Amino acid sequence: MNVSYNPATDNTANPPGLLSTSPAATSYLGENANHAYDPFGDWQQAEFGAEAGLPIAAPNADPDGDEISNLVEFVLGGDPQDSDSAPTPTVSHTNPSPFSFAFTPVIENGAQLEIQISGDLSIWTTLSTRPAEGGDWIAHTTVHELNIDSESGAVEVTMSGTAVKIFARLQVTL
């Protein structure tokens with residue numbers, strides 16, 4: 001069976017794993033025929049062009065020095081070569097108000113997302129994850145509330161009665 005996939009018009013969370021050339025798909029796929037679906041690789045090519053295979057484009061690299069890795073820039077829609085475009089989650093916490101951690105991913109699949117908290121920056125607890133293939137968020141604890149805006153995809157985690165000192169991070173893996 002031959003399948004074609006156009007990322008500009010098809011927003012499915014589970015695109016085909018391998019694009020293969022049928023006569024109808026050959027003109028669209030060109031050099032990309034029979035390549036595995038790779039959202040991060042496509043982003044690297046779009047952002048870095050000829051340098052996409054170099055260390056500057058690696059997932060954990062930070063070519064613009066904004067302390068945001070390429071992988072997080074991919075997820076949050078930043079420009080990895082412009083430090084002024086650094087996308088960052090927002091955090092709000094003033095005792096006794098609830099703790100809030102929010103961000104808006106610009107991708108629906110292609111990387112696993114984990115929301116983690118810590119009281120000391122050494123031991124991290126995963127609150128929720130979204131699988132790399134997309135789909136629903138999975139809660140790992142009951143100490144938080146997870147809200148997803150159905151239109152924008154914005155994600156917000158809130159927790160009441162949290163410690164005076166709390167840290168949060170968005171952990172991203174391929």
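Along the sequence, the order of elements is α-α-α-β-β-β-β-β-β-β-β. That makes three helices and eight strands in the chain. What you see above is a predicted model, so please keep that in mind throughout.

Some overall values for the chain. It has 174 residues, and 36% of them count as buried. The exposed surface comes to about 9800 Å², with carbon and sulfur atoms supplying 49% of that area. If we take contacts between residues at least 6 apart in sequence, 42% of these join residues at least 24 apart.

Next, the sheet. In what order do the strands of the open sheet run? The order is β5-β4-β3-β8, four strands, with antiparallel pairing. β5, residues 138-139, and β8 are the edge strands; each has a single partner, so one side of each is left without a neighbour in the sheet. The pairing of β3 with β8 is antiparallel and runs over seven bridges.

Now the interior. In soluble globular proteins, nonpolar side chains tend to be buried together. Here the largest nonpolar core has 27 residues. Those touching the most other members are Phe74, Val75, Phe103, Ile115, Met159, Leu170 and Val172. Two or more residues each come from α2 (39-48), α3 (70-76), β2 (99-103), β3 (112-118), β7 (155-159) and β8 (167-173). Which element gives the most? That is α3, with five residues.

Last, a residue in helix α3, namely Glu73. Is Glu73 buried or exposed? Glu73 is buried, yet has no salt bridge. The nearest side chain of opposite charge belongs to Arg130, and that is 16 Å away. So what does Glu73 touch, leaving aside neighbours within four places in sequence? The contacts are Trp43, Asp64, Asp66, Ile68, Gly78, Asp79, Pro80, Ser85 and Pro87. I would like us to look at that site on the screen before we move on.

Conventions
Residues are numbered from 1 along each chain as its sequence is written. This is a predicted model: local features need pLDDT of at least 70, side-chain atom pairs count only at pLDDT 80 or more; totals for chains, interfaces and linings use all residues. Side-chain values use heavy atoms; hydrogens and water are left out. A nonpolar core is a set of buried Ala, Val, Leu, Ile, Met, Phe, Trp, Tyr and Cys residues joined through side-chain atoms within 4.5 Å. Buried means under 20% relative accessible area, exposed over 50%, partly exposed in between (1.4 Å probe, protein chains only). Two strands pair if DSSP finds at least two bridges between them. Contact means heavy atoms within 4.5 Å. Accessible areas come from the Shrake-Rupley method with a 1.4 Å probe; for residues, only the protein chains shown count as cover. Lys and Arg count as positive and Asp and Glu as negative; His and the chain ends are not counted. A salt bridge is a side-chain nitrogen of Lys or Arg within 4 Å of a carboxyl oxygen of Asp or Glu.
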